[in-house]
Structures are given as structure tokens and as C-alpha cells.
Amino acid sequence: MPTATADKPLSFFAQWVEDVNCVFARDPAARSLAEILLTYSGVHAVLFHRISHRLWLAEWKLTARVLAAFSKWMTSVEIHPGATIGRRLFIDHALGVVIGETAVIGDDVTLYHGVTLGGTTWNKEKRHPTLGNNVLVGSGAKILGAITLGNNVRVGANSVVVKDVPHCCTVVGIPGRVIQSKGTKIQNKHGIDLDHHLVPDPVGKAIACLMERIDELEAKQAEWQKANSHDNCDTCDAESICVSHQEPVKLTVVQ
């Protein structure tokens, strides 16, 4: 995982065509092919990476790094030429995205601005995450280490994910935790779920539960206080003590 979705590898030009055309399905602001080619820095970054990655595999590593650095300067997206990227990657808004050398990204993945696919070790080994197919990562999220996110995973904005995530789950928080599992069904008929704003709020839910519990306890306390009230002397067990007017005690002097 991720696995290839085509029987044979696509040609370089066919990959470019898919990278550009996938924008229409995931960004309602895209109006024309010319607009995408001229103004979408995320698309530019992916197209540059397709070239630098081939140079990297051909052992032209310095040239690949120089081209990647030029792409970073042009697009504000840093993709290491060694990263493996599947088909139809879309980086929306693009600013501040970082993808490390050993990262592996599946097909139909969507990344928003500020996403980091980073490493957690200096050892020369697999140290960056692997993303399955149809994964969506919200803005500002950090996915760190040689972990694996399954297919159809959604990562909430500003989350920090440091552990593996099963298929078809939603992850939020710092550190990231699974808060929802959708099973194997994909909501969108095209296999892409962009509803990353429709995520449960575990903190809000916990606070709501606490408020309900407090209301219940306060109601029980009020009932107890009412049952144990001594304001009514008719029901008081110590009527002799509660007499408001007591006769004065007469003292006699004994001589």
C-alpha cells in the first residue's frame, strides 16, 4: 500500500494531464485549463516534481535537487525529489507544504496549505510517512515519522499524527487520535471525500456530557436539601428547643 491503479505505468505527459485535470473535480474555483496552468502553484509544484523525481531515479541527484529548489522558490512548496507521489495529487493553496525524501503518497490525495510530511530521525532509512489512496490532509496538519495512513483517511486541520491510522478513519488533535470510522463505504461516488470540516468535536462533546452530569447532580442536591430542611417547626423533632418565648427562670436565695 499504496497500490497502483493502472495496469501499466502512465507516460510522463499522461501524468501531467491527470495532475491538471483533477483540479476541476476538487476545486470549484477552477474555471478553465488556462487558469489552472497559469495560477495554481500547487499544480506547478507537482509538475516540477514529476521531472525532478525522474532525474533523481536516473542518478542525476544534484540536478534533481537544484530543480526542486527552483520549484520551492517559485511555488513555496518543498517536495524532495526522492519522494514517491501517485496519480492525481492536488495541493490546494499550496503555501508552506513540505514533503520529505522517503514519503510515499498514493493516488487521489489532497493536501491543503501548511501540511508537513516530515521525519523523526536522522538515520538514512524510511523516516517519512506513507499515505494511502484518497487521503485528505487538512491545513496545517503535521504527519511525522515512518507511519502509515490507510486509504480514505481524513486528517483534521492542525492535527499532529505520529501513529498509524487504519483505513477509512478521521483523525484530529495533538497528538492525533481516531475519532470516527466510516467503515469501507466511500461517501463520494468518485472516491474523494472533501468534507474535512464535518468532523466530530470530542472536546465539545466531553464538555456537554460534563454539563449534563452537573445539572443532574445539582437537581439531586436540591431535592436532598428540600427533604432535609428544618425551617418548618411543625415537623421539627426538637420543638422544646425551638420555642421562641421561654418563661424566665426564677431564682431563690437560700439563707
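## Cavity lining and an exposed leucine

Colleague: Which residues line the largest cavity?

Modeller: Residues are numbered from 1 along each chain as its sequence is written, and side-chain values use heavy atoms, with hydrogens and water left out. This is a predicted model, in which local features need pLDDT of at least 70 and side-chain atom pairs count only at pLDDT 80 or more, while totals for chains, interfaces and linings use all residues. A cavity is a set of points on a 1 Å grid over the protein atoms alone where a 1.4 Å probe fits but cannot get out, and lining residues have an atom within 4 Å of a point. For the largest cavity, these are A45, F48, H49, S52, L67, A68, S71, V77 and I79.

Colleague: Which helix gives the largest share of that lining?

Modeller: Helices are DSSP runs of H or I with at least four residues, numbered from the N terminus. Both α3 (41-57) and α4 (61-75) supply at least two lining residues each, but the largest share, four residues, comes from α3.

Colleague: What is the volume of the largest cavity?

Modeller: The structure holds two cavities of 30 Å³ or more. Volume here is the space filled by probe spheres set on the grid points, which are joined across faces, edges and corners, and for the largest cavity the value is about 60 Å³.

Colleague: Is L38 buried or exposed?

Modeller: L38 sits in helix α2. Buried means under 20% relative accessible area, exposed over 50% and partly exposed in between, computed with a 1.4 Å probe and protein chains only. Because its relative accessible area is 69%, L38 is exposed.

Technical notes
1 Å grid on protein atoms, 1.4 Å probe; cavity = no way out; pocket = protein on both sides within 12 Å on 5 of 7 lines; lining within 4 Å.
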